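Thank you all for coming; I would like to take a few minutes to walk through one structure together. Please have a look at it first, and then I will go through it part by part.

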Amino acid sequence: MVIQIPAEPAPVGIDLGRTALIIIDMQRDFLEPGGFGEALGNDVSLLKAAVEPCRQVLAAAREAGLFVIHTREGHRPDMADAPPSKSERGIPSKRIGDPGPMGRILIQGEPGHDIIPELYPIAGEPVVDKPGKGAFYATNLSLILANRSIENLLVCGVTTEVCVNTTVREANDRGFRCIVLADCCGSYFPEFHTAGLAMIKAQGGIFGWVSGSKELLTAMKA
Ligand code: TIU
């Protein structure tokens, strides 16, 4: 079934049967105090606004039988997949792998690494663990999407200018139509959120389209 979604720079038509919802890194480490996001010096409360729109989109996607994928940024407990150039950054004692109130920072299997309860994956929704900012780099996401003949990605998550932007750029080069849902994304820097979305939709949609949860939900109901 093809739906038309109002978006910038132009409306976009997508076949829901070839569309996946991808929710990027809605992890406790980024959204809750005591995790990686706060260790980097950020006010994590700025990301909260994205949770409820994401929850609504996730519920609608499940209801419509859309393919849903979740991603998590993080590293193996032995940190063999953490480049030293990444793990050596940050305040000493608050770096990747250091102990914190939600376990070792940004390490797989720790409470902080997991997805927030509001958006917790259910059976049949692949969770892609990624060592980088982009969800395609060093993961099997391409294969997972190819096996479902996915052509379009509805993109939600955090942060807008880091992991969402990196993933959208990777996806765009791989031929996916990316529709980023603005209110389902968030940044520690409101100005970077705005700029991150502007970069995607500028130049005729150089990386993709920008829409919102309400536009998508209305289009899905029609
Ligand atoms: N720091 C920041 O804004 N983001 C990240 O480190 N990772 C993600 O965006 N997921």
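This is a predicted model: local features need pLDDT of at least 70, side-chain atom pairs count only at pLDDT 80 or more; totals for chains, interfaces and linings use all residues.

Residues are numbered from 1 along each chain as its sequence is written, and side-chain values use heavy atoms, with hydrogens and water left out.

Which residues are around the ligand? With a residue called near if one of its heavy atoms lies within 4 Å of the molecule, they are Asp 25, Phe 30, Phe 36, Leu 40, Glu 73, Lys 133, Val 158, Thr 159, Val 162, Cys 163 and Tyr 188. By class, this shell has 7 nonpolar, 1 polar and 3 charged residues, where Ala, Val, Leu, Ile, Met, Phe, Trp, Tyr, Cys and Pro count as nonpolar, Asp, Glu, Lys and Arg as charged, and the others, Gly among them, as polar.

Now to the polar contacts, which here are pairs of N or O atoms within 3.5 Å. A side-chain N or O atom of Asp 25 is 2.7 Å from a nitrogen atom of the ligand, and for the side chain of Glu 73 the corresponding distance to a ligand nitrogen atom is 2.8 Å. Val 158 takes part through a backbone N or O atom, 3.1 Å from a nitrogen atom of the ligand. The ligand taken alone exposes 290 Å², and the protein buries 93% of that, with areas from the Shrake-Rupley method and a 1.4 Å probe.

Finally, where does the ligand sit? The ligand sits in the largest pocket, meaning that more than half of its atoms lie within 2 Å of the grid points. A pocket, on a 1 Å grid over the protein atoms alone, is an open set of points where a 1.4 Å probe fits, with protein on both sides within 12 Å along at least five of seven lines, and lining residues have an atom within 4 Å of a point. There are 19 lining residues, of which Phe 36, Leu 40, Glu 73, Lys 133 and Val 162 lie nearest the centre of the pocket.

Notes: A polar contact is a pair of N or O atoms within 3.5 Å; within protein, one must be able to donate a hydrogen and the other to accept it, and residues adjacent in sequence count only if both atoms are side-chain atoms.
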